[in-house]
Amino acid sequence: MTFWEGRRVLVTGHTGFKGSWLCEMLLARGAEVAGLALAPETQPALFDQLGLAARMDHALGDIRDAGLVAARLRDVRPQIVLHLAAQPLVRRSYRAPLETWATNVMGTAHVLEAVRALDAPCAVVVVTTDKVYENREWEHPYRETDPLGGHDPYSASKAGTELVAASWRKAFLAGTGVKVATARAGNVIGGGDWSEDRILPDLARAFGAGRPLLVRNRHSVRPWQHVLDPLEGYLMLAERLTGPEGAQGEDGFNFGPESADQRSVGALVEEARRHWPGDWTDATDPAAPHEAGQLALSIERARRILGWQPRWDFARAVAETVGWYRDVAAGTDPAERLRAQVADFGAGG
């Protein structure tokens, strides 16, 4: 019997890109998976492509509604909460700053308060982002002890999410059996992401339609990683929180690629074109809202405490991602293609 067999797990944001991949991984490991999220925003949506609504305890709801969140937690009584629900887009955060702050900060407070009200042991992994750090545009990889900050509403609100998690952990949950940690993942890529303003979904849409890809900020450097790598880190972190050494795992953890795999947007596009040829155009707009130019993560804490390390390097991550989009565009079943990747990753392939 594996750790996850029969565990009651609540995934918030389960209808999103990362949430859908995570639910697929949990179902493959035998967990009893419940969800709370808004309806999928994109068409197509990976959640629908995987048929997850019929395979788990699926419920729609907005985490900005404290009463609804509390009721859902009482209904599920989870042993583990993986909190992914968020407004996750930098450029949208400029258009909708209040929605971004309300969802990312108060939504997280609602989840943690609902867990506290259960008065039962629970492990909670709150997912934030690599952008929670005060960005100084340096090559130094950010460590979990570096100052939090944020220029845009998304980054700043996620730094606020970190503070909410730390506050609830220290002020309310110490000694209660509820363990809380945060997970700060790098720039995640993988098949099935249909979000706006993300480079590989944009590439799939453009190349699939025979159009050139419009590339913004091609010199910006990011810690690219396949979605399976940080999700595996989230699961390892949740396992640690439930164990006898759980208290040593309560804090923030970075999940990113090895330092050599932190590449520019332009390098990502060129690597992607090896697997799906197409043209691109520089669409950098000097008047566009500010986005960080340089961002790298140190993953030594996760390596040392959790024993986690990335399995798929940059080339493999891009090949698996672009291969999924290309094959699905050619008629391959998206769920079958994704499950094969989950199985290959799990087998160490």
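The dialogue below discusses how to read a sheet and a helix pair in a predicted model.

Colleague: In what order do the six strands form the open sheet?

Modeller: Strands of a sheet pair through backbone hydrogen bonds, either parallel or antiparallel. Strands here are DSSP runs of E, at least two residues, and helices runs of H or I, at least four, numbered from the N terminus; two strands pair if DSSP finds at least two bridges between them. The order is S2-S1-S3-S4-S5-S10, with parallel pairing. Strands S2 (32-36) and S10 (252-255) stand at the edges, each with a single partner strand, so one side of each lacks a neighbour in the sheet.

Colleague: How many bridges join S1 to S3?

Modeller: Four bridges join S1 (residues 8-12) to S3 (residues 80-83). Thr12 has His83 as its bridge partner in S3.

Colleague: At what angle do H1 and H8 pack?

Modeller: Axes are lines fitted to C-alpha atoms, for helices over the stretch in contact, and angles run from 0 to 180 degrees between N-to-C directions. Helix H1 (residues 17-28) and helix H8 (residues 228-242) pack at about 60°, their axes 10 Å apart. That makes H1 oblique to H8 (under 35 degrees is roughly parallel, over 145 roughly antiparallel, 65 to 115 roughly perpendicular, the rest oblique).

Terms used:
Residues are numbered from 1 along each chain as its sequence is written. This is a predicted model: local features need pLDDT of at least 70, side-chain atom pairs count only at pLDDT 80 or more; totals for chains, interfaces and linings use all residues. Side-chain values use heavy atoms; hydrogens and water are left out.
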